[in-house]
Amino acid sequence: MIQPDPKFKSVLAARFINCLMKQGKKSVAEKIFYSAMDMVTERSEIQGIDVFMKAVENTKPMVLTKSRRVGSQTYQVPLEVRPEERTTRAIKWIIRYARERSERTMADKLANELVAASKGEGGAIRARNDVHRMADANKAFAHYRF
């Protein structure tokens, strides 16, 4: 069981910090996350943790596609995503697209990606929309669910 983070007492924030961490450097990941939260709070009138929660909620995928081989064909079969998996994918997408941004520091990149995701924009939201579009295009193969 994961312990809540010390500053916000949030299990989701602790999970995010653990995913943000590279090579076991948790203190560095915490510093990046908390300074990103401070930046978000400075730039908007809303608390950083609220923007973070909204960004994760907006990024969660409802459905995704899995490859399923039937005979000699491979079909992309749309499946519903478990709640735990939704959160995990949202966190990973936010971190991935934050790392790809062009700002100077990781805290800056993360703050901007979180603000964009909370507004329904940015790379993480684009990834979710692509996954949803793919599932919608392949809903004819839904009867191949496993």
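Aromatic pairs and a helix crossing

In this predicted model, the count of aromatic pairs is eight, with ring centres within 6.5 Å as the criterion. One of them joins Phe8 and Tyr34, whose ring centres lie 5.9 Å apart with 55° between the planes, a tilted arrangement. This pair connects distant parts of the chain: Phe8 belongs to the segment before helix H1 (11–20), Tyr34 to helix H2 (residues 26–43), and 26 residues separate them.

The two partners fall into separate accessibility classes. Phe8 has a relative accessibility of 24% and therefore counts as partly exposed, whereas Tyr34, at 14%, counts as buried. Tyr34 also pairs with Phe33, here edge-to-face, at 5.7 Å centre to centre and 65° between the planes. Phe33 counts as buried because its relative accessibility is 0%. Ring pairs extend this into a cluster of Phe8, Phe16, Phe33, Tyr34 and Phe52.

H1 packs with helix H4 (residues 83–100) at an angle of about 50°, and the axes are 10 Å apart. An angle between 35 and 65 degrees is classed as oblique, so H1 and H4 are oblique to each other. Their crossing is right-handed.

On the H1 side, the contact is made by Leu12, Arg15, Phe16, Cys19 and Leu20. H4 contributes Glu84, Thr87, Thr88, Ile91, Ile94, Ile95 and Arg99. By residue class, the contact of H1 with H4 holds seven nonpolar, two polar and three charged residues.

Note on methods: Residues are numbered from 1 along each chain as its sequence is written. This is a predicted model: local features need pLDDT of at least 70, side-chain atom pairs count only at pLDDT 80 or more; totals for chains, interfaces and linings use all residues. Side-chain values use heavy atoms; hydrogens and water are left out. Rings of Phe, Tyr and Trp (its six-membered ring) pair if their centres lie within 6.5 Å; planes under 30 degrees apart count as stacked, over 60 as edge-to-face and the rest as tilted. Helices (H or I, at least four residues) and strands (E, at least two) are DSSP runs, numbered from the N terminus. Buried means under 20% relative accessible area, exposed over 50%, partly exposed in between (1.4 Å probe, protein chains only). Axes are lines fitted to C-alpha atoms, for helices over the stretch in contact, and angles run from 0 to 180 degrees between N-to-C directions. Angles under 35 degrees count as roughly parallel, over 145 as roughly antiparallel, 65 to 115 as roughly perpendicular and the rest as oblique. A crossing is left-handed if the near helix is turned anticlockwise from the far one by less than a right angle, and right-handed if clockwise. Contact means heavy atoms within 4.5 Å. Ala, Val, Leu, Ile, Met, Phe, Trp, Tyr, Cys and Pro count as nonpolar, Asp, Glu, Lys and Arg as charged, and the others, Gly among them, as polar.
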